[in-house]
Amino acid sequence: MKLRIKFRKYGVMKFIGHLDMMRYFQKVMRRADIDIAYSGGFSPHQIMSFASPLGVGLMSNGEYLDIEVHSWTSSDQMLFYMNQVMAEGVEILAVRKLPDNAKNAMSSVAFADYTIQFREGYEPSFSLSEILTEFLLQPQILIEKQTKKSSRQVDLKPLIQKLLLTKDGGVFMRVSAGSVENIKPELVMDAVYHFAGEERGEFALEITREDLYDENGWSLIDVGEEF
Amino acid sequence: MRKPALNDEILLTIEKPARYIGNEINSVMKDPAKVDIRFAMCFPDVYEIGMSHLGIQILYDMFNRRDDVWCERVFSPWTDLDQIMREKKIPLFALESQEPLRKFDFLGITLQYEMCYTNILQILELSEIPLLSRDRTEEDPIVIGGGPCTYNPEPIAEFFDFFYIGEGETQYDAIFELYKENRKNGKSRRDFLMKVCQVPGIYVPSFYDTVYHEDGTIQSFTPNIPEAPKCIEKQVVMSLTDAPYPTAPVVPFIKVTQDRVVLEIQRGCIRGCRFCQAGMLYRPLREKDVEVLKDYAEKMLKNTGHEEISLSSLSSSDYSALKEIVTFLVDEFHGKGVNISLPSLRIDAFALDVMSKVQDIKKSSLTFAPEAGSQRMRDVINKGLTEDMILHGAGMAFQGGWNKVKLYFMLGLPGETEEDIKEIAVLSDKIARHYYELIPKEARNGKVQITSSTSFFIPKPFTPFQWAPMNTREDFQNKAHLLNDTFKEQLNRKSLKYNWHEADLSELEGVFARGDRKCAKVLLNAYKKGCLFDSWSEFFQYQKWLEAFREEGVSIDFYNTRERSEDEVFPWDFIDIGVTKSFLRREWQNAKTESVTPNCREKCSGCGASNFKGGVCFETKN
């Protein structure tokens, strides 16, 4: 059976990169005695896949991984046992079973929510609320997007679903994510700074990914069911 | 959640910030207000190397079992962070509490290889602890050295308050009690050192004076206070089965060199290879009970979640319950997503059988360590491995489907001739020939691949070769080139690959291995010139080291290339490792006459280690 696990990542764990988080979760499965399925061969690996890599330095309230298990107890118990063997800074939020025909987490991702805070001393000198409004009124938001080999021009406008000021002076955004067009929140903020005629400091932003959604706008956890 | 000692900007700028944040599974957090002793356990190299070391995991666990001690870890900041800490004056901190080391009661540094010595100075300097023991005050931590390099602590004696000579399991409780009592009575640092120097195995360098002859050799080495013993006896834990062992070792987030559960099956070695320091230092042989090992294996895999388990010892094939433990691991864990990583076993039917179960034959290789190419030379070093044994083992493996062989040799062994060197290539070629003779063309899985590597021999204290001259850097380079040319002349040269290292580092390692207190100023000088992470070829600065030797007027040849007379007083003679100097001298003579000494199971040769009331000779007699 396929299970979807939602977790949060905070504190010093934000410095642990994606590959190391994968290794971390493989060890979690063993420590928590999860009856996870393995591939065959001389070096069997766990059947496990992550929704979307999270950059080093980012926190998250909505990370996902899918695993395949041979046996299971209940959502609550599995959540409890995994949280028993967690490092501080990672917390399992939900364990759900997936319908047989469900797409895996990685290919489901279509949108991501992010909140952004400004680190002390890096608050923008321009008025965010004014700039954000004007920024979104542009007919097109053309930026250069770097790919591995070259760069290409992308219009951000249709890829930004929401972009607004939060009550505490930060920014909230919902942007395209996943395999078709993945927009990093830094990229949007760079465009905002550029629009305001300023440069973003390298360490200005403290970014939290809030959740991931599929193309229907469902949170990835809502695809699964408690058991 | 505790606050990291480094801010986000720094952690996001440097490579692998996970090296510095702590928080790993099984790391131990305590309330500083509820402990009496803060201990920082240091491996003076980068995190990934330090965290792969079994010894500090053992002591970390053992210390933290005490409610009154909080033991934390610290490693060398990599060069990127080193620079930032110096610029921003950030003091070095321990991983768990993220608090500066200078607040600690003890800083314990493990000394695993000589080429980490500049990193000791880095650790002290970044911690804002005076480099020299004599400059430290009541406010500074007590700096302890432990590990194999303490068997000749003299080149680094001035930097340590005391050395713990031997296995850490025996005396730390006594040391902690003395420390607490000393503090309770309001006594000073010196008072504590005067007490601790009377604990067996403890060497306080400042309580000893060395007088030299005019030629630079030692005339006398004597205590300068009545409390300090003339001779320091190595500490050994006689029942390895009952000794504490970490069943929940710390699990790093990032991939480290030894990223697996390690089961220590025995300490000591029965073999008596004359170049091998560990083989002498860790005598007598002590095995750990196999039932205890099985229990540990299960607990450690469960507590860490590691996907791999391996065995640790100097010579696993000599462990008497090897078949039982290996069979247990394979039956119990193989197929449950746990890899069994086998140590280099002597190749026999059993070894090939388990290897075929747990490894992909097509990808894995066989390893032999003949150490020398000619039988004559193997007799000189007392390596009980013959050409027949190697060819027979390789042949069995070839028939089992393997076609990759790794061979390890040394260049520069005492009495080595050109012929001995060339024999390395000849032996490698013979193994290749054996493959083509034995395996018919249609059954071959491609070419045979023989990879031969040489390292340069460095004479070490407490070995029969402690008297031997070491080759110069030029000798080493010439020998490696001669051997490389000889490989090119072999029939199966296309199946042979030869690797060797640069000799610069070996030269330096030689000096610090057999050096005396006069070497300290060279170390200090080289460090001040910027030498650091010397064991990392990308950072090793040979020219700066040469300048440091020149400026301090210290001769490399005095330590390396001179043959020492049999009555010379060595800097490490005050340490009693059980194995006697007269046994080592006898073995040095046996080497010169190419006489083989049987291993401990065949016959006791009276090395002296049975004084500890253990080892195979003692067990059979009693």
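The C-alpha centres of domain 1 and domain 2 of chain B lie 26 Å apart. Domain 1 covers 8-233 and domain 2 covers 239-345 + 578-622, with bounds from an automatic or database domain assignment. This is a predicted model: local features need pLDDT of at least 70, side-chain atom pairs count only at pLDDT 80 or more, and totals for chains, interfaces and linings use all residues. Residues are numbered from 1 along each chain as its sequence is written, chains are lettered from A and ligands numbered from 1 in the order in which they are written, and side-chain values use heavy atoms, leaving out hydrogens and water.

- Domain 1 of chain B gives 27 residues to the contact and domain 2 of chain B gives 26 (heavy atoms within 4.5 Å).
- The two domains bury about 2,200 Å² between them, 63% of it on carbon and sulfur atoms (accessible area, 1.4 Å probe, lost on being put together, summed over both parts).
- B:Asn26, B:Leu54 and B:Glu167 supply 23% of the area that domain 1 buries against domain 2, more than any other three residues.

**Salt bridges**
- Three salt bridges are counted between the two domains (side-chain nitrogen of Lys or Arg within 4 Å of a carboxyl oxygen of Asp or Glu).
- B:Glu167 and B:Arg267 meet in a salt bridge at 3.3 Å, N to O.

**Sheet**
- Four strands of chain B form an open, parallel sheet in the order β15-β16-β17-β18 (strands are DSSP E runs of at least two residues, numbered from the N terminus; pairing needs at least two bridges).
- β15 (366-371) and β18 (496-500) of chain B each have a single partner strand, so one side of each lacks a neighbour in the sheet.
- Five bridges join β17 (residues 449-456) to β18 in chain B.
- B:Thr454 stands opposite B:Trp500 in β18(B).
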